[in-house]
Amino acid sequence: MASRSDQTILVTGGAGYIGAHTAQQLRTRGYDVVVVDRLSNGACPAALVEPLVRADLQDATALDAVFQAHDIAAVIHFAASIEVGESLRQPLAYFANNVGGSLALLQAMQRHSVRALVFSSTAAVYGNQELEIIPETAALAPCNPYGASKAMAEQILAEQAKVGAVNAIALRYFNASGAAPELGLGERHQTETHLIPLVIQAALGQREQVSIFGSDYPTPDGTCLRDYIHVMDLAEAHILALEALLSGQHPGFAAYNLGTGQGYSVRQIIEAVRQVAGQDFQVLEAERRAGDPARLIADPSAAQAALGWQAQHSGLERIVSDAYRFFQQMFEPWPR
Ligand SMILES: NC(=O)c1ccc[n+]([C@@H]2O[C@H](COP(=O)([O-])OP(=O)(O)OC[C@H]3O[C@@H](n4cnc5c(N)ncnc54)[C@H](O)[C@@H]3O)[C@@H](O)[C@H]2O)c1
C-alpha cells in the first residue's frame with residue numbers, strides 16, 4: 001500500500017472507543033495521526049498513543065497550537081458526549097459539547113485553512129421512524145437532545161459546505177459494537193450504557209443482572225431492534241470517507257448511514273452473549289425508557305455506492321465474540 005506519511009490527520013476523540021480503532025487503522029495505512037481528546041470517558045491504555053493532546057475542543061488556544069505544530073490535511077471528528085439518557089437529563093451540556101465543540105473545531109479549521117472533515121453522526125438523528133429500513137432521505141426527527149445535537153452539527157456542516165468553507169462527510173452510525181482484542185482496543189466506557197458491553201459484564205459476573213427496557217414494542221419478540229455494526233467496519237468507512245475528501249472527489253456535504261441492514265432484538269443479543277460466554281445470568285424485564293425508538297435499522301446502500309464501503313466484520317457472532325474477548329482481557333478497571 002502507498003505510504004501516506006506525508007499526510008497528517010487530526011482525530012478528535014481519538015482516545016475513545018471508535019476514535020481509537022480508527023486512529024489505529026489510519027496509522028496502519030501510513031497516515032500520521034494527532035489525537036485531541038479530553039479523556040473524559042475512559043480510554044484503553046492501547047488508545048493512548050502519542051502525539052495525544054489532552055485538551056477540550058473548546059480550548060481555542062490548544063487547538064491553534066495543534067494546527068500550528070502539525071500540517072493537518074483533514075480532521076475526523078469523534079469527540080462528543082454520547083449518552084442518550086444523560087442528554088435527556090442534561091440537554092444544555094449536550095448542546096454545549098456536541099454543537100459548541102463542533103463549532104469551535106470548525107472555527108479552528110477555518111483559521112488554519114483545513115477544509116476536509118469526516119463527522120461522527122448517528123442513527124439517533126432519525127428518531128422514531130415508521131420505516132422498516134431507514135435511508136438517508138428519511139426526515140430527521142431526533143427524539144432526544146443527543147440526536148438533536150448531532151442533527152444540528154450536520155446542519156452547520158451543510159451550511160459551511162454551501163459557502164465552500166469545508167468539504168464534509170457525516171457518517172450516521174447505527175449501533176457501534178465489537179472490538180479489536182488483538183490490538184487491546186474495545187468498548188469500556190466510564191459509565192456503560194451500551195447493550196452488548198452490559199450483557200457481557202453480566203455474563204462475566206461484573207454486574208448482577210441485565211435489564212430489558214420494554215418488552216411490548218411492536219417487534220417480533222417485543223424488544224427493540226437495532227442494527228449492530230462492527231467498530232472495524234466503522235474505522236474502514238472513515239478511511240474511505242477521508243480518502244474521498246482528500247482526493248477531491250467528494251466536494252460539498254453528504255451524510256451516509258453505516259449499518260448492515262439487518263436488525264437484532266435485545267433478546268437476540270442476550271442469547272448471543274449466552275452462547276459465546278457459555279454462561280447464564282439474570283435478566284430483568286423493566287419499563288420502556290424515554291427516547292428509545294422500537295427499531296433502528298439502516299439502509300446502507302448509499303455508503304456502498306458513494307464510498308465503496310460494505311460491512312465485512314459485522315456478523316453477530318463475530319461482534320459478540322470480539323467484544324467478549326476484549327472484556328476478558330480487560331477485567332481490571334483502567335487507570336485514569
Ligand atoms: N458508540 C456508538 O454506538 C455510537 C453510535 C453513533 C454515533 N456515535 C458517535 O461516535 C463518536 C464516538 O463515540 P464513542 O462511542 O467512541 O464514544 P467515546 O466516549 O468512547 O469517545 C468519545 C471521546 O471524545 C472525547 N471528548 C468528548 N468531548 C470532548 C471535547 N469537548 N473535547 C475533547 N475530547 C472530547 C472523550 O474524552 C472520549 O474519549 C461520538 O461522536 C458518538 O456520538 C457513537
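This is a predicted model: local features need pLDDT of at least 70, side-chain atom pairs count only at pLDDT 80 or more; totals for chains, interfaces and linings use all residues.
Before anything else, one definition: two strands count as paired if DSSP finds at least two bridges between them.

Strand 9, residues 225-226, runs parallel to strand 14, and two bridges join them. Which residue of strand 14 is the bridge partner of Leu225? That would be Arg295.

Let's step back to the whole protein. There are 10 helices and 14 strands in the secondary structure. The radius of gyration is 19 Å, close to the 20 Å from the globule rule for 336 residues, so the protein is as compact as a globular protein of that length. The C-alpha trace spans about 55 × 40 × 40 Å along the principal axes. Buried residues account for 55% of the 336. Looking at contacts between residues at least 6 apart in sequence, 80% join residues at least 24 apart.

Now for the inside. In soluble globular proteins, nonpolar side chains tend to be buried together. Here the largest nonpolar core holds 37 residues, and Leu26 and Leu171 touch the most other members. Helix 7, residues 231-246, gives this core eight residues, the most of any contributor. And what does Leu26 contact, once we leave aside its neighbours within four places in sequence? Ile9, Val11, Tyr31, Val33, Ile76, Ile239 and Leu242. There is also a second, separate core of 36 residues, with Cys44, Val210, Met232 and Met330 among its members.

My last stop is helix 4, residues 91-111. Its 21 residues reach 29 Å from first C-alpha to last, close to the expected 30 Å. Even so, helix 4 has a kink of about 25 degrees, centred on Gly100. Is Gly100 buried or exposed? Gly100 is buried, and other buried residues of helix 4 include Tyr94, Asn97, Asn98, Gly101 and Leu105. What do the buried residues of helix 4 pack against? Their partners are strands 1, 4 and 5 together with helices 2, 3 and 5. Just after helix 4 comes Ser113, with a positive phi of about 55 degrees.

How values were computed:
Residues are numbered from 1 along each chain as its sequence is written. Side-chain values use heavy atoms; hydrogens and water are left out. A nonpolar core is a set of buried Ala, Val, Leu, Ile, Met, Phe, Trp, Tyr and Cys residues joined through side-chain atoms within 4.5 Å. Buried means under 20% relative accessible area, exposed over 50%, partly exposed in between (1.4 Å probe, protein chains only). Helices (H or I, at least four residues) and strands (E, at least two) are DSSP runs, numbered from the N terminus. Contact means heavy atoms within 4.5 Å. The expected span of a helix is 1.5 Å times one less than its number of residues. The bend at a residue is the angle between axes fitted to the seven residues ending there and the seven starting there. The radius of gyration is taken over C-alpha atoms; the globule rule is 2.2 Å times the number of residues to the power 0.38.
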